[in-house]
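Please open the structure in the viewer and keep the selection tool at hand.

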Amino acid sequence: MADRASDADIVSIPKVELHIHLNGSITEATALTLARRHGVDPAEGLKLVDGRYPGRYPNFEGFLDAYLAANQFVRTPDDLELVAAEFARGQAAQSIAYSEIIFTAMIFVRNGMEPASMWAALRRGLAVGGPDTRISIVVDAIRDLGAEEAAATVRLVEAADAPIVGLCLTGIEGTMPVETFLPFRADARRLGLGFTVHAGEMGPPESVEASLDVLGAERIGHGVAAIRDPALLERLIRDQVVLDVCPSSNVGIGEYPSLEAHPMTEFWRRGVRMTISSDDPPFFGTTLTDELRHLVRIAGLTRGDLITLQRRAIDASFADAATRAAVRARIDAWADA
Ligand SMILES: [Zn+2]
């Protein structure tokens, strides 16, 4: 049996991250800066413990409190540019060749940002990563807020000047029937965009099935509930459905007691077509590099497995063919070196 991937391999391989929220990438330092910029005492406005996000939360709502507290201070295009630039620098520092960021545009619009200035600020910030740090945008609608939120999100996307490659449904599963979002799904098709759904995160296996069967999701965010349903797990393996899995996030909201108890190891061994991401990295005290370290340590991935995982992720992305080919070439060059 081949040796485990080394830490140098994990650090240096050109990586691909498909499930990361820009709204969930506001570091503590940036949140403090923005709170002060808007005249708010951070001790009042942010849910920090000893200057840090808690990292572990009693439940999803506990995480959401900390996340929304930080997001309320991203009010102007300059604020958003700061967040996006810091994000892009962080991806570049991790050798992340391609990222698909989930962007909840409506949060910033509700904070008072004018849409055209919002997209321009986002583009300027993301460009800071440089040409080797390619970043595309997937715009999400929060399902708890219903059909009108989804329709408003689509109107923003239609008017946007930004590299948007997909739409995504996020939020708390079960708060609305999935049929509510059939028009949102149809809009993705009409606009030639990819479509992905957060499902089987806190919700049951049936939520994954409905996302595939009713909404025709092209990828599933999380999907970890499938571990509880052997028939669904078989189906995911047989049909090679892509799950964008975020281990520390699931542990951080209390879905699993530890990374060792997380289904990623069984998914990997059984041949589930998963990719690995960090979801909301500072809020869960993690990075993509750390998530890969956990998987290598716990599931014993080799250097070859690590390469397979990155190739699989770029192939499953919503990037155009030229971008996919360019990123794939970087992974191939690293593999051959
Ligand atoms: Zn997510």
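Select Q240 first: this residue sits in the loop that joins α11 (230-239) to β7 (242-245), where helices (H or I, at least four residues) and strands (E, at least two) are DSSP runs numbered from the N terminus. The model is a predicted one, in which local features need pLDDT of at least 70, side-chain atom pairs count only at pLDDT 80 or more, and totals for chains, interfaces and linings use all residues. Residues are numbered from 1 along each chain as its sequence is written, and side-chain values use heavy atoms, with hydrogens and water left out.

The phi of Q240 is positive, near 50 degrees. Most residues other than glycine have a negative phi. Q240 is partly exposed, at 32% relative accessible area; buried means under 20%, exposed over 50%, and partly exposed in between (1.4 Å probe, protein chains only).

Next, select D279, in the loop between β8 (273-276) and α14 (288-299). Its phi is also a positive value, near 65 degrees. D279 is buried, with a relative accessible area of 2%.

Now display the zinc ion. Which protein donors does it have? They are H19 (NE2), H21 (NE2), H198 (NE2) and D279 (OD), 2.1 to 2.3 Å from the ion. Donors are N, O and S atoms within 2.8 Å of the metal (3.2 Å for Na, K and Ca); water is not among the atoms, so sites may look incomplete. Along the chain, the donor spacing reads H-x1-H-x176-H-x80-D.

Finally, select H19 and H21. H19 is buried at 1% relative accessible area, and H21 is buried at 7%.
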